[in-house]
Amino acid sequence: MKSLVLKDLYNIGHNAKTMLFILAVLAVAFIPTSGASGYIFISAVLCGMMIVTTFAFDDQSKWTRYAMIMPLSKKDLVAAKFVVLAIFCTIGTLLGLALSAVGMFIAEKGPLDFAAIGELLFLALAAWAVSFIIGGMAILLVLRYGAEKGRVLLLVSFLIPASVCFGVYQLLVLLGVVMTDRLIFGLLCGSPAIAFLWCYVMYQISCRIFARQEL
Amino acid sequence: MDAILQVDNLTKHYAGFLLDHVSFSVPKGTIMGLIGENGAGKSTTINAILDLVHKDDGTVTFWGQELSSSKQLKEDIGVVFDGINFYETLTPAKVGKISRAAYKQWDGYLYQDFLKRFCLPADKEIKTLSKGMKMKLCIAAALSHKPKLLILDEATGGLDPVMRDDILDVFLEFVQDENHSILMSSHITTDLEKVADYITFIHQGKMLFCKTKDELRYQYGIIRCGADLFSQIDKTEILAYRKDDYQWNVLVADKEKAAGKYKNAIVDNATVDDILLLYVKGEQVK
């Protein structure tokens, strides 16, 4: 699996400068007007979505059929995509966090206090989870419909998890659960665990879809 | 005769195409050529052998084992497709690092030797390499994990004769080890005539024959004759025939016998190209 992760990192490394430039432009545009919170999410989700680009590279070079002649299984291939997604989400979150901290430092004209740092870290955790959830959905859709259609379905990658969250929220309201600040705080703290659970389900479904495919 | 690869009744249906119960084996120390016109089923056969497509029927075993039974088996199989499967911004050095992480048997020194031998620059992006160099890179990657079986799907297609000759020499060198074998599909029959020990001919999804190259070269012949003589030829002896403007070309399995029997006929040697053309464009006696 290491070879698959390495291949994606090498492939995407070529686009890294462009992505850094886009993130820098967005930082200038967003942080002074909308604050750091939105920017960390944008950075994490944008970097997470690079997973779709890796599929496009694979398609272009007919990599998948070559990978299957290596000592790897189809499950390894799917698992590697989730590992790469986690790496992209982490890089995006850390970049978002760093650029937000710099932006806030400039805006505040001085070092950040502990509360601001804590808030940023908390937001980063939630941003990582959101980008991992959306990316996991994107992997499944790309495996099912191909990289070209998968790009078009990026919006669906966002809408499906959002709809599931909304459905769960409505169910909780129906059951009489009151959404207190404490409960929301707890849910956000547990968001990485929720993201892992979500992506485990996506991984299982993706494996079944991919197992049926001919290369 | 130990077979490295055994294919039995391999069958695959597609809409409008049927690969129909193809069977052959690749013995140790030999090169098996897979020939046929475009769309005959050569690539489908190779894809099914490599489990890249689901088989509808039949079995494929490598050293007596099915490919799905062990990842280790893939360490001993090197594959080269008709194009490079690494993204164009990678370099040969990065291809080496990726492959090293995939194969336990990967030999980095051997890979470096191949890069030097093929004059491949380690740090140049793949997109800057010529088609021949890309093919050599694929072959270097396929050979550097020390496979015992090499499977080549149109690996020499699109290369100039000099480049093809270089690459064929590498294949001949590979089978010097009697535990090594090659399965090689190509529609460049002259390449196969140069290196193959056996020829398997697939036409419209059906296997027409699997014979030694020498049998084809020394026993098959083409009777060139007019209409009168053609009508006298025993139809059970005709494998395929084709009428040109003023001449009938008749493929027979025993040219010595034909030359003795039909004294007025010209009996030429048959090349693999001739055999392929007569089967594909000619007619068979019903």
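At 1.5 Å a residue, the 19 residues of helix α2 (residues 16-34) of chain A should span 27 Å, and the 25 Å between its end C-alpha atoms agrees with that. The expected span is 1.5 Å times one less than the number of residues. This is a predicted model, where local features need pLDDT of at least 70, side-chain atom pairs count only at pLDDT 80 or more, and totals for chains, interfaces and linings use all residues. Residues are numbered from 1 along each chain as its sequence is written, chains are lettered from A in the order in which they are written, and side-chain values use heavy atoms, with hydrogens and water left out.

**Helix α2 of chain A**

- α2(A) has a kink of about 30°, centred on A:Ala27 (the bend is the angle between axes fitted to the seven residues ending at a residue and the seven starting there).
- Buried residues of α2(A) include A:Met19, A:Leu23, A:Leu26, A:Ala27 and A:Ile31 (buried is under 20% relative accessible area, exposed over 50%, partly exposed in between, with a 1.4 Å probe and protein chains only).
- A:Gly35 follows α2(A) and has a positive phi, near 90°.
- Helices (H or I, at least four residues) and strands (E, at least two) are DSSP runs, numbered from the N terminus.

**The sheet of chain B**

- Four strands form an open, antiparallel sheet in the order β11-β12-β10-β13 (chain B); strands pair if DSSP finds at least two bridges between them.
- β11 (238-243) and β13 (266-269) of chain B are the edge strands; each has a single partner strand, so one side of each lacks a neighbour in the sheet.
- From one strand to the next, the twist averages 25°.
- Helix α11 (residues 272-281) of chain B packs on the sheet and touches β10, β11, β12 and β13 of chain B (contact means heavy atoms within 4.5 Å).
- The direction of α11 makes about 80° with that of β11(B) (axes are lines fitted to C-alpha atoms, for helices over the stretch in contact, and angles run from 0 to 180 degrees between N-to-C directions).

**Strand β10 of chain B**

- Five bridges join β10 (residues 221-225) to the antiparallel β12 (residues 248-252) of chain B.
- Across that pairing, B:Ile223 stands opposite B:Val250, and B:Cys225 stands opposite B:Trp248.
- Four bridges link β10(B) to β13(B), also antiparallel; B:Arg224 has B:Ile266 as its bridge partner there.
- Four of the five residues of β10(B) are buried, so the strand is largely enclosed by the rest of the structure.

**Cysteines**

- The whole structure has zero disulfides over all chains (a disulfide is a pair of cysteine sulfur atoms within 2.5 Å).
- For A:Cys189, the nearest cysteine sulfur is that of A:Cys165, 16 Å away.
- A:Cys189 is partly exposed at 33% relative accessible area, and B:Cys210 is partly exposed at 32%.
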